[in-house]
Amino acid sequence: LVKCIQEHYPIKKYRKASFIQGESNIGEIGRALHLIAAYIDEAASAGPNDKNQSEYSLNAVKIYKLSLDYKIAALGNDHSSVGHTYRYLGHKYSNLRKYQEAIDAYSECTRISWAQSKIDFTHLVVTLNSLGLIYSMAGLLEESIDTYHESLAIQKVQFSKTSLQVAETLNSIGIIYNMMDNTVLALKSYTESLSIMITKLGNDHKDVADIYLNRGLAHKRERDYESAMNDLQQALRILKNKFGEGNEEVARILHHINVISVEEIKKEHSHEEKP
């Protein structure tokens, strides 16, 4: 089908014009190609092995890019449909660990979102959070934290300051600050996130346990073992009730608790040995 499209509607013919009026069929071809790429993308997720998944993913990228060519020819560089395909392309590149290409695609999607007369802030926030994640995966932590903060500022103005999405973004910000060795700001973000999560979900939800764990490990890093133990015990309580003793996450938390217990014993001994 893709070969048939390329044969009957060669994109080289349409690239000559920066914007083609009256060529609505070209825009529809771009949308059709996007759907084909999405179908291949879905097949990649269900692929029987890594080799097949990678092959499907690379084919999906090629067709998403071809979709962009037709959409841009018909609709211009700033159309929301073009941004839609850039977002999918960014996601695909991130799965392939092509981080710079993913950053470029998500950045272009963000630019297009801001260019709309009526901005879809929900999609904009999703794109910014995806971009923040990719920056962190690429080791660009300053860019990551700036992007997450931009997303958070939009959410607090356009949505509720106590929404679950705000809590999730605050947790992501805490994770990045922790990666930057700024434990003080990480703890602040985790605490704000935890407060919202408990209010919205209660004190027995898996997502609440995740933030207790993150904050507990940050306290451990600061050698505040009492606070770390309190948070880790809360996370342990929730996860044991949800998944039982044999859960991997439960085992991981028990390991951290044991390490803290050893560190506390060492701390006590060091105080006893002082004259």
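Predicted model: local features only at pLDDT ≥ 70, side-chain atom pairs only at ≥ 80, totals over all residues.
Reader: Which residues of α10 are buried?
Author: They are Thr183, Ala186, Leu187, Ser189, Tyr190, Ser193, Leu194, Ile196 and Met197.

Reader: Why would residues three or four places apart point the same way?
Author: An α-helix has 3.6 residues a turn, so residues at that spacing end up pointing the same way. Among the buried residues of α10 you can pick out Ala186, Tyr190, Ser193 and Met197.

Reader: How far does α10 reach from its first C-alpha to its last?
Author: With 19 residues, α10 reaches 26 Å, close to the 27 Å expected at 1.5 Å a residue.

Reader: And what follows α10?
Author: Gly202 does, and its phi is positive, near 90°.

Reader: Zooming out, how many helices and strands are there in the chain?
Author: There are 13 helices and 0 strands. As for burial, 42% of the 275 residues count as buried.

Reader: Among contacts with a separation of 6 or more, what share comes from residues 24 or more positions apart?
Author: Those residues account for 60% of such contacts in the chain.

Reader: Nice. Which residues have the most contacts inside the largest nonpolar core?
Author: Leu232 and Ile253 do, in a core of 35 residues. At least two residues of this core come from each of α8, α9, α10, α11, α12 and α13. The helix that gives the most is α12, with 8 residues.

Reader: What is Leu232 in contact with, leaving aside its neighbours within four places in sequence?
Author: Its partners are Leu213, Gly216, Leu217, Ile253, His256, Ile257 and Ile260. Apart from this core lies another one, of 26 residues, including Ile29, Ile40, Ile63 and Ile134.

Reader: Switching to pockets: what volume does the largest pocket have?
Author: About 160 Å³. Its lining consists of Ser80, Gly83, His84, Arg87, Cys109, Ile112, Ser113, Gln116, Lys118, Ile119, Asp120 and His123.

Reader: Which elements give two or more residues to that lining?
Author: Those are α5 (80-95) and α6 (99-115). The most comes from α5, with 4 residues.

Terms used
Residues numbered from 1 in each chain as written. Heavy atoms only, no water. Core = buried A, V, L, I, M, F, W, Y, C linked by side-chain atoms within 4.5 Å. Buried < 20%, exposed > 50% of the residue type's maximum accessible area, 1.4 Å probe, protein only. Contact = heavy atoms within 4.5 Å. 1 Å grid on protein atoms, 1.4 Å probe; cavity = no way out; pocket = protein on both sides within 12 Å on 5 of 7 lines; lining within 4 Å. Points joined across faces, edges and corners; volume = space filled by probe spheres on them. Expected span 1.5 Å × (residues − 1).
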